[in-house]
Amino acid sequence: MNTAWLLPIIFSALTLGFYDICKKDAVKDNSVMPALFFATLSGSIFFVLATAISGEISRAVCCPVSHYLLTLLKSAIVSGSWICVFYAMRELPITLASPLRATAPMWTMIGGLLLFHETPTRVQAAGMFIIFIGYLLFNLIGKTEGFNWKSKGIVLIVAGTLLGAVSALFDKYLLHVVRIDRQVLQFYFSVNLVAVLGIALALRSCFGQKHPFKWKWTIPLTGILLIIADYAYFYALSADNAPISMVSLVRRCNCIVTFAVGAKLFKDSQLKSKAAALLLILIGVALIALG
């Protein structure tokens, strides 16, 4: 199997881990919607400037109306996912929220098998199974910390995760079926996100804010790190025969970085039990790479 996608997606996962840490700090004791909007705006400005400096702007803006509407739909799906996840991150410990978010590959793998007929090797299938066991352990640990499936934070993280899985499958469709250029996809996806989340912020403001908004430097850093992680992700996914199920699995191992750094910064509990679950995820990722 072609594994040209592996190194860029590992880089994406590492960057995504630091993105999660900045995101947690950005929304901690803060108003979520303004933080989300300004993070997205910062990331979009960074991407547009980087595209212009690299001389790729003419390539990125060349997009027929039909393709543009598809990128707009992707932006709407991702906006819904991010709104749910950002609110959940304010409610949950980071060493619980990030691993739960990482369950998205389970749904993505099922979708990849059904929609794109992706078939992993036996070793890779064993790796996936071990990763899922690690995710299950995180769910059980969450219950001991007072969070169950009826908790607001858990409901939001599950909703955001399911929408994220839908977005990942849609990416595969846009890049390999519709054949949208990855530079075009990320450019219009980033720009459309600002518009969609700007509308969402305006609507939310009509109902008032329970939490005052405080500017933090982790807000723009959140957006910039996500752009970098997404660039590596789209690069990996555009590779020939890149399996969305395994690309998504490896990318979501960002929870390892989030755990290692975030646990110390935010002083979360039950670190030994969570570390054991993370070890299973590491073993699973190694099997996927070897497979």
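Tutor: The secondary structure of the chain amounts to 13 helices and 0 strands, where helices are DSSP runs of H or I with at least four residues and strands are runs of E with at least two, numbered from the N terminus. Its radius of gyration is 18 Å, close to the 19 Å from the globule rule for 291 residues, so the chain is as compact as a globular protein of that length; the radius is taken over C-alpha atoms, and the rule is 2.2 Å times the number of residues to the power 0.38.

Please keep in mind that this is a predicted model, in which local features need pLDDT of at least 70 and side-chain atom pairs pLDDT 80 or more, while totals for chains, interfaces and linings use all residues. Residues are numbered from 1 along each chain as its sequence is written, and side-chain values use heavy atoms, leaving out hydrogens and water.

Now to Y233, which sits in helix α10 (residues 218-237). Y233 is buried, with a relative accessible area of 4%; buried means under 20%, with a 1.4 Å probe and protein chains only. Across the chain, buried residues make up 55% of the 291 residues.

Who surrounds Y233? Beyond its neighbours within four places in sequence, Y233 is in contact with I9, S12, A168, D171, I244, V247 and R251, contact meaning heavy atoms within 4.5 Å. Y233 and I10 are 223 residues apart in sequence, yet their C-alpha atoms are 9.0 Å apart in space. For the chain, 90% of the contacts with a separation of 6 or more are between residues 24 or more positions apart.

Notes: Buried means under 20% relative accessible area, exposed over 50%, partly exposed in between (1.4 Å probe, protein chains only).
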